[in-house]
Amino acid sequence: MWLTMLSMISGATCYALFLGHATNLIQSLDSSRRQYREKVGEPLHHCTLQPITNLTLVPSYRRPLPWGWWDVKQVEEYMAYRKLPRDMRTRITEYFEHRYQGKFFDEECILGELSEKLREDVINYNCRSLVASVPFFANADSNFVSDVVTKLRYEVFQPGDIIIKEGTIGSKMYFIQEGIVDIVMANGEVATSLSDGSYFGEICLLTNARRVASVRAETYCNLFSLSVDHFNAVLDQYPLMRKTMETVAAERLNKIGKNPNIVAQKEESESGNTETNQISAVVNALAAEADNVDNLR
């Protein structure tokens, strides 16, 4: 009898150990999805909890917040606490699903542990599809491209979102990785559309003027933004790329019926044939892409 009980206890213990190891193994197979669904009921240990007054969701290419800090249940509890309307709750849920695809990585922490060169190589690799699809990058110096992509921030917009509002002061420009945006005039007319590989928002950064048109997301849009400070810092090092952007900006202003002369180059100088050809290549490529988008619509 004692032998039987001992055997049963030993068997139960082994079975429990087996289940524990199996569970840990299964969870470790997709730790990012488990982190997305379960992690973390509270902020990181070195952070202090503050009363909920304002919650700002700040998309970031390097560290997706707040999805890594707050689990699904807490987001639902927040929406209930704030009594958000049902359609807004649906948009929030769909936003997170589209942005993170059920995965979460603390990318800032991971990249922060790498050497500067390796971190730059990883970021360049992650942005390879963007670089390949943007004619502006395809015809640019590789060092310029690398300097730009390492400063980009990833952002997601839903259909109908106003990405840029006419008349406001611009703080950044955008590159379209995937999606379609409409350039909307003050009267509500769609002047043109831009899609994968295009960029927009550079005009006011070049002129220090207010936004000349609104930009609305027609579909889900995966964008990379470049702040005005980084924009100026990079273009100061690459004057040819500034000239290229100014040329493209003038073309766009003319297309939407605005005065192209507001894009004034800081330095007037004669460009060599190489520079002229490079600028023309970018302008023609962007113009061709805009025509393709218009034909698809």
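Me: What should I know before reading the model?
Reply: The model is predicted, so local features need pLDDT of at least 70, side-chain atom pairs count only at pLDDT 80 or more, and totals for chains, interfaces and linings use all residues. Residues are numbered from 1 along each chain as its sequence is written, and side-chain values use heavy atoms, with hydrogens and water left out.

Me: Which residues touch the most other members of the largest nonpolar core?
Reply: First the term. A nonpolar core is a set of buried Ala, Val, Leu, Ile, Met, Phe, Trp, Tyr and Cys residues joined through side-chain atoms within 4.5 Å. Buried means under 20% relative accessible area, exposed over 50%, and partly exposed in between (1.4 Å probe, protein chains only). Here the largest core has 57 residues, and F136, F137, F144, I163, F175 and F200 touch the most other members. Helix α12 (residues 239-255) gives the largest share, 5 residues. Helices (H or I, at least four residues) and strands (E, at least two) are DSSP runs, numbered from the N terminus.

Me: Why does this core lie between domain 1 and domain 2?
Reply: Domain bounds come from an automatic or database domain assignment. Domain 1 (69-100) and domain 2 (130-256) both give residues to the core, so it lies between them.

Me: Which residues does F144 touch?
Reply: Contact means heavy atoms within 4.5 Å. Leaving out residues up to four places away in sequence, F144 touches F136, F137, V234, L235, Y238 and M241.

Me: Where do K83 and N208 lie?
Reply: K83 lies in the loop between α3 (72-81) and α4 (86-100). Its phi is positive, about 55°, although K83 is not a glycine. K83 is exposed, at 67% relative accessible area. N208 lies in the loop between α10 (203-207) and β7 (214-217). Phi of N208 is near 60°, again positive in a residue other than glycine. N208 counts as exposed at 69% relative accessibility.
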